[in-house]
Amino acid sequence: MAKLMLLTLLGLGLALFRDHRASYQTRLNAFREVTPVELPNCNLVKGIETGSEDLEILPNGLAFISSGLKYPGIKSFAPDKPGKILLMDLNEEAPTVLELRVTGSNFDQSSFNPHGISTFTDEDNTVYLLVVNHPDSKSTVELFKFEEEEKSLLHLKTIRHKLLPNLNDIVAVGPEHFYATNDHYFVEPYLRSWELYLGLAWSYVVYYSPDEVRVLVDGFDFANGINISPDGKYVYISELLAHKIHVYEKHANWTLTPLKSLDFDTLVDNISVDPVTGDLWVGCHPNGMKIFFYDSENPPGSEVIRIQDILTEEPKVTLVYAENGTVLQGSTVASVYKGKLLVGTVFHKALYCEP
């Protein structure tokens with residue numbers, strides 16, 4: 001009888017393992033291949049070799065780019081070098097990147113590990129850059145003031161909070177006010193890995209201000225990119241391993257009400273919003289298995305999608321760019337300025353396409 005029970009339990013365990021493995025492979029799009037979609041006039045950006053995980057373009061065409069991310073379980077081509085924030089002027093004929101110098105006595109440049117970024121422009125046209133940082137595998141938000149003449153960032157403040165343990169992306173709604181995604185619930189690496197494998201949809205979105213911090217929405221299978229509509233009325237959140245983008249209505253008290261969700265056949269990462277049209281531009285991973293289990297002989301591909309009229313009953317989704325990794329590996333973000341497209345990656349290069 002004991003042997004029978006043991007065999008039964010082993011059988012159940014194997015069945016659950018197979019089910020979870022199948023679910024894991026489905027969530028990661030493990031068997032998806034890329035059908036190429038090419039764009040004319042595209043070139044790799046010189047000076048970016050170790051990632052361009054997130055980017056944000058100001059209305060004047062200056063683009064901030066976070067580079068050099070070290071993320072647990074993800075490839076890094078410069079694991080021993082600190083990350084940096086790059087600046088690129090898209091008004092130039094052949095734009096190049098410049099590393100922004102960081103000033104401020106309380107900032108540790110040697111442990112800088114930038115992830116998601118967002119800007120906020122005050123009424124006096126002061127530009128603040130908020131950066132998700134992972135010093136020593138922790139999560140903070142670094143607040144900088146952009147000093148355009150000096151081509152530098154003045155570090156103003158480091159923000160830490162117990163509800164910001166696993167930050168991924170951020171969207172600023174004030175100099176020290178933001179929405180942010182936590183892509184995991186657990187902090188301990190072993191538990192994080194099981195959370196990912198088992199598909200525990202426990203990640204969540206937080207609103208932060210100096211006066212209050214609260215969880216607004218939870219139940220995500222890897223909450224990732226977050227952004228806001230040009231009129232400030234809607235917040236967009238990408239759920240990486242569920243292949244969804246969620247639309248929430250934002251209220252005066254900063255709470256969010258779910259409005260709709262869109263499903264995709266790719267892993268949606270960071271979301272950029274065209275300030276003119278309101279279109280969403282999303283960097284995507286067609287096959288997430290290739291991101292989490294990197295093989296230089298079979299690298300992760302890249303996809304960029306554009307979503308028009310997302311608030312209508314029939315949004316238009318266009319696959320703008322797709323590539324199998326021979327040019328661009330692991331696209332995470334895409335943004336446009338006057339018809340020009342800039343595409344970033346988690347650990348690889350960046351692509352710039354002109355109309």
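Q: How many aromatic pairs turn up in a search of the whole structure?
A: The search finds 17 aromatic pairs. Keep in mind that this is a predicted model.

Q: Okay, pick one. How are tyrosine 179 and tyrosine 207 arranged as an aromatic pair?
A: They're tilted, with 55° between the planes and 5.4 Å centre to centre.

Q: Which strands do those two tyrosines lie in?
A: Tyrosine 179 is in strand β12 (residues 177–182), and tyrosine 207 is in strand β13 (residues 203–208). They are 28 residues apart in sequence, so the pair ties those parts together.

Q: And tyrosine 179, buried or exposed?
A: Buried, since its relative accessible area is 0%. Tyrosine 207 is buried as well, at 2%.

Q: What kind of aromatic pair does tyrosine 207 form with tryptophan 254?
A: A stacked one: the planes are 10° apart, and the centres sit 5.1 Å from each other. That pair links distant parts of the chain, with tyrosine 207 in strand β13 and tryptophan 254 in the loop between β17 and β18, 47 residues apart.

Q: How accessible is tryptophan 254?
A: Its relative accessibility is 24%, so tryptophan 254 counts as partly exposed.

Q: Which residues form an aromatic cluster?
A: Tyr24, Tyr190, Trp194 and Tyr197 form one.

Q: Switching to cysteines. How many disulfides does the count come to?
A: One disulfide. Cysteine 42 is joined to cysteine 353, with the sulfurs 2.0 Å apart.

Q: Where do cysteine 42 and cysteine 353 lie?
A: Cysteine 42 is in strand β1 (residues 42–44) and cysteine 353 is in strand β25 (residues 351–353). Those parts are 311 residues apart in sequence, so the pair ties them together.

Q: Is that disulfide right-handed or left-handed, and why?
A: Right-handed, because the torsion about the S-S bond is about 110°.

Q: What about accessibility, starting with cysteine 42?
A: Cysteine 42 is partly exposed, with a relative accessible area of 23%. Cysteine 353, on the other hand, is buried at 4%.

Q: Where does asparagine 253 lie?
A: In the loop between β17 (244–250) and β18 (256–263). Asparagine 253 is partly exposed, with a relative accessible area of 42%.

Q: And where is asparagine 324 found?
A: That one's in the loop between β22 (316–323) and β23 (331–337). Asparagine 324 counts as partly exposed too, at 38% relative accessibility.

Q: What does asparagine 324 touch, leaving out residues up to four places away in sequence?
A: Val34, Pro299, Pro300 and Gly301.

Q: Which side chain does asparagine 324 make a polar contact with?
A: The side chain of threonine 326, at 3.1 Å.

Conventions: Residues are numbered from 1 along each chain as its sequence is written. This is a predicted model: local features need pLDDT of at least 70, side-chain atom pairs count only at pLDDT 80 or more; totals for chains, interfaces and linings use all residues. Side-chain values use heavy atoms; hydrogens and water are left out. Helices (H or I, at least four residues) and strands (E, at least two) are DSSP runs, numbered from the N terminus. Buried means under 20% relative accessible area, exposed over 50%, partly exposed in between (1.4 Å probe, protein chains only). Contact means heavy atoms within 4.5 Å. A polar contact is a pair of N or O atoms within 3.5 Å; within protein, one must be able to donate a hydrogen and the other to accept it, and residues adjacent in sequence count only if both atoms are side-chain atoms. Rings of Phe, Tyr and Trp (its six-membered ring) pair if their centres lie within 6.5 Å; planes under 30 degrees apart count as stacked, over 60 as edge-to-face and the rest as tilted. A disulfide is a pair of cysteine sulfur atoms within 2.5 Å.
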